[in-house]
Amino acid sequence: MENGPDIKRFFEPRSVAVIGASNVEGKIGYKLMENITSGGYKGELYPINPRGGEIFGIKAYQQITDIEGSVDMAIIAIPASFVLEEVRRCGEKGVSFLTIITSGFSEVGESELERKIVETAKSYRMRILGPNIFGIYSSKVDLNATFGPKGVKKGKVAIITQSGALGIAMIGKTATEGIGLSTIVSLGNKSDMDENDLLEYLANDNSTKVILAYIEGITNGETLLGSLKKISRIKPVVVIKSGRSKRGALAAASHTGSLAGSDEVFDSVMKQCGVFRAESLDEGFNWIKFLADTPLPKSNSCVIVTNGGGIGVLATDACEKYNIELMDEPEYLKETFHSAIPSFGSTKNPIDITGQSSAEVYKKTLIAALESNRISSVMALYCQTADFKKEPYKEMITLIHNEYMSRGKTIAFSLVGGREVEECVNELKENGLPAFKGVYEMVSCFGVLHRFSENKARREMEIAESEIDVERIENILDNALSEGRAFLLSQEAKEMLDAADIPTPKSFVARSIEEAVNGAEDMGYPIVMKIVSRDILHKSDAGGVALDLENKEEVMDAYQLIIRNAKNYDPHAKIDGIEVAEMIPQGLETIIGARRDRSFGPILMFGLGGIYVEVMKDVSFRALPMDREEVYSLLKDVRSYPLLLGVRGEESKDIEELIEVMIKVGTLIRKVKRITDIEINPLFVFGRGKGVKVVDIRIMIAMEKEVSE
Ligand code: ACO
């Protein structure tokens with residue numbers, strides 16, 4: 001909201017009123033008061049209850065307007081039917097933020113009541129969190145204004161959650177996992193404040209090192225992407241999103257749409273923004289804990305130390321998946337480890353001391369790795385052996401971890417074995433150490449840490465855009481809409497591409513044999529001819545296409561044949577003429593699609609055509625706008641990308657021109673708001689320096705004049 005209250009007052013309120021505060025145990029108004037008082041809130045606390053008196057030993061006010069001092073935040077926990085009236089009173093009082101715990105609004109169909117509440121709040125320049133939430137915890141002022149557990153552990157992780165129940169569970173889980181929170185905020189119905197408002201503060205909040213967001217649905221996606229792109233360079237953002245629904249895809253009108261299932265798009269877009277998407281709560285929690293506590297690796301030199309060959313291989317595979325480079329300098333590794341490990345061990349990375357070695361050898365080897373100036377991260381793997389004893393191992397791991405972590409080394413431990421080993425891992429975790437039961441879980445944590453280092457190194461680049469003739473394009477759309485069409489005819493689409501400077505085959509519409517022949521002679525052979533009729537959509541089925549025509553005679557014959565076929569196919573069809581176009585040589589078939597996504601606004605899709613898109617669904621997505629590097633990464637994301645580089649002796653393709661066209665298509669959908677879908681399929685890409693050419697295009701437009709993004 002423009003000119004709204006300072007978001008700082010939301011996370012660091014100087015005074016809080018609890019509307020619905022209660023002395024009756026079991027009520028939410030009681031639990032809120034209990035959590036706020038026992039949490040040691042640093043500001044002024046005002047319980048509000050029509051009975052007055054005292055609540056939790058604090059003077060209660062009958063109405064918020066009775067309070068003399070100012071109120072930064074009002075927490076509302078009274079039945080839904082009374083909320084609007086209280087919101088109005090809060091407005092009169094000059095409250096800045098409303099945290100509405102109460103349920104019973106848009107989530108159960110009571111959208112009108114919710115709308116009125118938001119409208120009223122807006123008229124007083126108040127912001128609303130919720131309704132239908134469990135509240136907010138903020139470590140800055142020791143405010144636990146939630147009805148979740150007491151005694152939240154203070155720390156460096158901020159959690160934003162759309163699910164209330166899960167949020168409460170997460171507070172409990174953070175405590176057991178030894179994760180400290182800087183804040184946790186429940187978003188609920190997002191009637192007003194959403195992720196964007198909170199991220200704005202968290203980006204610069206020095207007590208937050210890592211952000212975890214649990215998301216169910218996205219509103220205001222374009223703004224969110226902008227903030228995520230910025231923030232993910234400063235601090236790591238982990239997202240857990242529920243729902244791998246295909247509903248969005250079902251409703252889609254175009255091919256691009258049907259491939260752009262909401263989950264695929266979400267996945268790609270999060271990657272684009274530098275956000276780490278966790279597959280599960282457990283994975284997300286492993287990541288946030290590791291990211292919050294572990295120093296960033298100073299280089300790419302990673303070493304695995306193991307006493308088991310098998311888990312060493314598992315870890316190596318996982319490193320490949322997460323793009324973690326393992327140090328590969330045999331001489332250096334030999335020199336570093338030969339005195340620590342037994343003669344039958346291996347100094348090739350993974351450094352394998354074998355199962356026969358004692359705890360002492362394990363410790364010596366770890367120390368050798370951690371003392372090295374050239375090794376910046378160490379993955380310590382351990383397979384249970386006969387000599388395993390929990391306490392000495394726990395002690396050794398703790399000592400090593402504390403010593404070397406404080407010296408900036410990136411280190412984690414994965415211990416695999418029976419009950420005693422698992423207990424050891426649990427206890428290490430509870431003490432805040434990066435200990436894991438699974439090898440894969442540990443490596444995935446290193447993976448996000450490495451990716452965050454890359455994010456930090458990423459420069460902010462200029463948005464890639466092209467010049468397009470918007471006015472000319474708007475006229476084409478007006479014309480189509482005036483004829484009641486939500487799509488463009490091929491000539492119109494071609495004209496639009498011309499206005500955007502996207503290369504199309506040379507063509508014209510002939511209305512007589514003479515026009516066809518004269519034009520073809522000027523254009524040069526070979527050419528193709530196609531029927532132009534809005535009543536004939538499938539031209540080939542109607543016998544309305546002739547390919548590879550080499551001379552004047554063939555053009556004359558084809559003209560007559562196409563007209564005859566079309567009339568036989570549909571005697572009532574209105575024939576506008578015959579399109580004569582240059583015949584383009586076969587290039588590598590690609591597909592470029594652009595559409596307006598319901599959550600993220602305009603998105604761009606790229607894939608290789610033919611079976612790659614039809615069968616393998618090998619496509620990739622990015623949200624617009626993009627810089628040139630992002631466009632390039634969109635190409636590289638498809639599995640069939642090597643075909644563009646040229647395989648089996650084929651020449652490499654004109655990637656530069658392909659990128660130019662993608663930028664132009666992106667500019668088209670962003671600048672011309674009435675276009676809903678663009679699909680160039682196929683776009684032929686020729687050898688390097690030989691360009692690209694649109695072979696077929698489909699453009700859909702919105703019937704309404706004004707389209708909001
Ligand atoms: N101003 C101040 N106090 C008031 C007002 C008012 N206008 N009206 C009533 N009160 C007082 C009541 O007198 C009562 O105090 P008392 O115990 O001293 O009598 C107190 O406020 C609470 O009112 P009740 O009528 O007793 O309401 P109750 O506590 O039963 O329910 C609640 C209120 C909890 C907000 C309920 O309506 C509700 O929405 N529950 C669901 C909350 C929820 O789950 N939110 C989503 C969380 S996320 C998740 O899924 C976990």
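Five residues come nearest to the ligand, out of the 24 around it: Ser-22, Lys-27, Asn-49, Arg-51 and Ser-103. Keep in mind that this is a predicted model.

What is the make-up of the shell around the ligand in terms of nonpolar, polar and charged residues? It splits into 14 nonpolar, 7 polar and 3 charged. As for where they come from, helix α5 (residues 164–176) supplies the largest share of that shell, with 3 residues.

| Residue | Ligand atom | Distance |
|---|---|---|
| Ser-22 | oxygen | 2.7 Å |
| Asn-49 | oxygen | 2.9 Å |
| Glu-86 | nitrogen | 3.0 Å |

On its own, the ligand has 1,000 Å² of accessible area, and the protein covers 74% of that.

Now over to helix α2, which runs over residues 28–38. Which of its residues are buried? They are Gly-29, Tyr-30, Leu-32, Met-33, Glu-34, Asn-35 and Ile-36, so Glu-34 and Asn-35 sit on that list along with Leu-32 and Ile-36, each with under 20% relative accessible area.

And what do those buried residues pack against? The answer is a set of strands: β1 (15–19), β2 (44–48), β3 (54–55), β4 (58–59), β5 (73–76) and β9 (143–146). Once α2 has ended, there's one more backbone detail to look at: Gly-40, just after the helix, takes a positive phi of about 80°.

Key:
Residues are numbered from 1 along each chain as its sequence is written. This is a predicted model: local features need pLDDT of at least 70, side-chain atom pairs count only at pLDDT 80 or more; totals for chains, interfaces and linings use all residues. Side-chain values use heavy atoms; hydrogens and water are left out. Buried means under 20% relative accessible area, exposed over 50%, partly exposed in between (1.4 Å probe, protein chains only). Helices (H or I, at least four residues) and strands (E, at least two) are DSSP runs, numbered from the N terminus. Contact means heavy atoms within 4.5 Å. A residue is near a molecule or strand if one of its heavy atoms lies within 4 Å of it. A polar contact is a pair of N or O atoms within 3.5 Å; within protein, one must be able to donate a hydrogen and the other to accept it, and residues adjacent in sequence count only if both atoms are side-chain atoms. Accessible areas come from the Shrake-Rupley method with a 1.4 Å probe; for residues, only the protein chains shown count as cover. Ala, Val, Leu, Ile, Met, Phe, Trp, Tyr, Cys and Pro count as nonpolar, Asp, Glu, Lys and Arg as charged, and the others, Gly among them, as polar.
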